[in-house]
Amino acid sequence: MAPILLNCMGTEQEEYIKPQVHVKNPHLDLMEEDILYHFNLGTKTHNLPEMFGDVKFVCVGGSANRMRAFAKFMHQELGLPGNTDEITDICEGTDRYSMYKVGPVLSISHGMGVPSISIMLHELIKLLHHASCRDVNIFRIGTSGGVGLAPGTVVVTDKAVDSFFRPQFDQVVLGKVIVRSTELDADLADELLQYSREMPDLPTVIGNTMCTYDFYEGQGRLDGALCSFSTEEKLEYLRKAYDAGVRNIEMESTVFAAMCRVCNLKAAVVCVTLLNRFDGDQISTPHEVLVEYQQRPQCLVAQFIKKRLGLQA
């Protein structure tokens, strides 16, 4: 039962307690110390509530340089004092991930692919739990291959699906397969789509995102070191994906969606398309254009954060 408070009229009212980040591991309560090895942080060596207790928004992306640039961008967007060059990597004691904090925003790199992001997510979710963070929104911002979309289109994920177009993530545990749902927060996706319509030159759609285990064969590319299928077989598969609602392809969304859902985190995947896979496999777009494309998910999420903080009408 929620705690009871007296309001200004002297009558009872229930206090609304914002949801806390959950961990689903009873063994953690028996540990004297929890070492977040890949972050170079720990519950005994660092005061996690003091360092991270005010975090409300977590943004994760593959590239360390991109997430550092995003932290600097958010510092400016939030109008925070100080020089952006003074923003330091909290995880500088390790070379696995990079982490930057600007106000209530945490910006973290996750590397490439399901194994890399899943390790990061385990330690991130524990960090948020140990820091007693509440009402946290988490975003994966990145790049992807489009399916029937023009390059530069931002896709806000409806459901993350596997290579069979199923909205699930299969985790092998002790030789058994655990199936977890990959549904994301629909209200969060709709809110992002609404804000995109207020921004110029930001074509945005909601669609399913297919997560694969590699960049080449798993995504039906014809330009890898190995290829066992024809051009027509590739195009047939992409047509099936499109008919199943898939609008982009990347390599992290299923485990991201599954873990966030289990741990009571409102999550969204926001990725820009760098090419239309029906038109080819290689990315030949000029560098300066790609840089502008990569900034589009960052700008949309920044708009969301500013709206939530009351900094944007």
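**Exercise 1. How far is the sulfur of C263 from the closest cysteine sulfur, and which residue holds that closest sulfur?**

*Solution.* The structure is a predicted model, in which local features need pLDDT of at least 70, side-chain atom pairs count only at pLDDT 80 or more, and totals for chains, interfaces and linings use all residues. Residues are numbered from 1 along each chain as its sequence is written, and side-chain values use heavy atoms, with hydrogens and water left out.

Step 1. A disulfide is a covalent bond between the sulfur atoms of two cysteines. The criterion applied here is a pair of cysteine sulfur atoms within 2.5 Å.

Step 2. The closest cysteine sulfur to that of C263 belongs to C260, at 7.6 Å, which is too far for a bond.

Step 3. A search of the whole structure gives zero disulfides.

Step 4. C263 has a relative accessible area of 9% and is therefore buried; buried means under 20% relative accessible area, exposed over 50%, and partly exposed in between (1.4 Å probe, protein chains only). C227, at 37% relative accessibility, counts as partly exposed.

**Exercise 2. Determine how helix α6 is placed in the structure.**

*Solution.* Step 1. Helices (H or I, at least four residues) and strands (E, at least two) are DSSP runs, numbered from the N terminus. Helix α6 covers residues 253-262.

Step 1. The buried residues of α6 are S253, T254, V255, F256, A257, A258, M259 and C260.

Step 2. Eight of the 10 residues are thus buried, so α6 is largely enclosed by the rest of the structure.

Step 3. After α6 comes N264, with a positive phi near 65 degrees.

**Exercise 3. Describe the packing of helices α4 and α7.**

*Solution.* Step 1. Two packed helices are described by the angle between their axes and the distance between the axes. Axes are lines fitted to C-alpha atoms, for helices over the stretch in contact, and angles run from 0 to 180 degrees between N-to-C directions.

Step 1. For α4 (residues 186-196) and α7 (residues 287-308), the angle is about 105 degrees and the axes are 9 Å apart.

Step 2. The two helices are therefore roughly perpendicular to each other (angles under 35 degrees count as roughly parallel, over 145 as roughly antiparallel, 65 to 115 as roughly perpendicular and the rest as oblique).

Step 3. From α4, the residues L188, E191, L192, Y195 and S196 meet L300, Q303, F304, K307 and R308 of α7; contact means heavy atoms within 4.5 Å.

**Exercise 4. Is V246 buried or exposed, and which residues does it contact?**

*Solution.* Step 1. V246 is found in strand β13 (residues 246-250). At 0% relative accessibility, V246 counts as buried.

Step 1. With neighbours within four places in sequence left aside, the contacts of V246 are V147, V161, F165, N208, M210 and A241.
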